[in-house]
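Here is a friendly walk through the model shown below. Keep the viewer open as you read.

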Amino acid sequence: MLIGISLISFFIMHLAPGDITSNEASFNPKASEESRQKLRELYNLDKPVIVQYGLWLKRMTTLDFGTSFASHQKPVFWQTTDKDGNITKGLIQEALPITLLINILGLIITLALAIPLGIIAARKYLSWQDRTITLFNFVGFSIPGFWLSLLLMYWLGVANNWLPISGLHSINYESMDTWGKIKDSLSHLLMPVIIPSVTGLAGITLFVKNGMLDVLNQDYITTARAKGLDEHKVIYTHALRNAMLPLITIIGLSIPGLIGGSVIAETIFAIPGMGKLFYDAVMMRDFPVVMGILTIGSALTLMGNLLADIAYAWADPRVRRGVARE
Amino acid sequence: MNHSLFKKALSNPLALAGFIIIMMVFLLAMLAPLIAPYDPDDINVKAILLAPSWLHWMGTDGLGRDVLSRMLYGGRISLLVGLVAVGISTAIGILLGAIAGYYRGWVDTLIMRLVDVMLSIPSFFLILAVIAFLTPSIINVMIVIGLTSWMGVTRLVRAEFLSLSGREFVMASRTLGAKDARLIFMHLLPNSLTPIIVSSVLGIAGAVLMESGLSFLGLGVQAPQASWGNILTDGKDYIQFAWWLSLFPGLAILITVLGYNLLGEGLRDALDPRSGSNK
């Protein structure tokens, strides 16, 4: 699986017309053909594509994606210590936690809103509440996230100056006290976290609603009601747990979308996460960084799917027994 | 699609609403040369960043171009990209899905592995990487979106083929000596058409969003040609001075995508007997 991904990402990079040397040479008009050749040798660009792939794969087994073309001293992954003892962090190492933080916070907000909304829509199926939520879902599906970001940036950031519109910290971040730092970070994170959750909300709400509708028609719910359990208990202990099962899979499947979606959001809000790093790397034709991110992004997806499968087995005893029996 | 099916589809209020929205957007885009008040590329230094007024209904941009005219012409691009990209992905999806679902065995395994691999690469990263290394142009955007979004259709067609193959009319036809091609094109494909149409319509919605996102990042449709996405890029640059540059193209994208989504979901409700009963 990973090998397939690495093959695809590697060969896409070589579809590219021109290479890094043309980029570098354009910064330095004096660069001769000879020095370009040296550069190519340095990065093994002079070897045939298949040899490059082999070399790359060999280094990748140690998670070494090579050195960024654009910022020479910085390795793409894992920190290094130079001879003076200065620690240089890897580009992905710096960017990944930021993106993960934003996406996980966003996911929590999405779920916190989507589950109650989905339950309401399912319980009051075809009522005005359900119709309002459905309408909201359609709009949520269709709204371009970056446009929503721009509007909110204008409204909250430019017109009213309530929230900062870019970056993770204010310029005077270092001089703030702890409380000030927390407040500063939160206000910077607010828009980038909330906007993707709003657009992601629609899909999950619809999913919870359909799951609940299916479950509410099951015999054991009728049984629970017939036993005289109060409706609250029926919904939250009997129905919800079963309705949540497919949701685990959906969240697992939505990971590539979340990572991919971070490109636009991070570019708009100038957040130094994976998305922005990727965008900049693509623009600079920085092969090692691009391939590192493609591979790490895909590996994250696979890990997400695996976690979803594990969570599923944990939540649903039927799956566990099914596995044991096989 | 035959007449009665078409009628049935549009009897669904969602589908009808979506259909009307799409038709109106198409009409406006097609009539662009007739109804656009100005030349979309006409630069006017005396009319830079004017707010909406009777002269310029949607204001002007940083080069004094009329935003309404650019929106109308940009609509043509956005609609075209959506249709062609989904045409490509649906064609690939049907082909691979049919091969996998009909012939099964190792071909099936191979194709499904490929689907898994493609699905696990964050698609926006993939598209961005490919687009950035090719020269950005409308053609490339259409091809790349098409080439990176066929996986859903492939799975769909394969699943339909697998379930249809066991049905009596297919077995009967096979017993009577029907050739592979006849089975595929006369029996299996027509009977899987409904979910394919639904997923294509919803796919167009996704492709329009994708194109606008790419153009917004400067990797899609290139200036001076207008597209809703790249008008929004200007909107971002001038966000402090000109809200109209952000508002209108976004609304246009929202309305168009909403139209396709309504149409797709409506069609699903109307044509798919399974979803009608339990939803």
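A:Ala270 sits in the loop between H11 and H12 of chain A, where helices (H or I, at least four residues) and strands (E, at least two) are DSSP runs numbered from the N terminus. Its phi is near 50 degrees, a positive value in a residue other than glycine. Most residues other than glycine have a negative phi. With 13 other C-beta atoms within 10 Å, A:Ala270 is partly exposed; buried means 20 or more such atoms within 10 Å, exposed 12 or fewer, and partly exposed in between, with C-beta atoms placed from the backbone.

A word on conventions: this is a predicted model, in which local features need pLDDT of at least 70 and side-chain atom pairs count only at pLDDT 80 or more, while totals for chains, interfaces and linings use all residues. Residues are numbered from 1 along each chain as its sequence is written, and chains are lettered from A and ligands numbered from 1 in the order in which they are written.

B:Arg104 lies in the loop between H4 and helix H5 (105-120) of chain B, and has a positive phi of about 50 degrees although it is not a glycine. B:Arg104 counts as partly exposed, with 14 C-beta neighbours inside 10 Å.

Now for chain A as a whole. Chain A has 14 helices and two strands, and 35% of its 326 residues count as buried.

How many residues does each chain bring to the contact between A and B? Chain A gives 42 residues and chain B gives 37 residues, two residues being in contact if their C-beta atoms, placed from the backbone, lie within 7 Å. On the side of chain A that touches chain B, H11(A) supplies the largest share, eight residues. By class, that side has 32 nonpolar, nine polar and one charged; here Ala, Val, Leu, Ile, Met, Phe, Trp, Tyr, Cys and Pro count as nonpolar, Asp, Glu, Lys and Arg as charged, and the others, Gly among them, as polar.

B:Ala252 counts as buried because it has 25 C-beta neighbours inside 10 Å. Not counting residues up to four places away in sequence, B:Ala252 touches B:Met71, B:Gly75 and B:Trp228.

| Helix pair | Angle | Axis separation |
|---|---|---|
| H2(B) and H4(B) | about 120 degrees | 8 Å |
| H2(B) and H13(B) | about 145 degrees | 7 Å |

The contact of H2(B) with H4(B) has six nonpolar, one polar and one charged residues, among them B:Val25 and B:Leu72. The contact of H2(B) with H13(B) divides into 14 nonpolar, four polar and two charged residues, including B:Leu14 and B:Ile255.

Technical notes: Axes fitted to C-alpha atoms, helices over the stretch in contact; angles between N-to-C directions.
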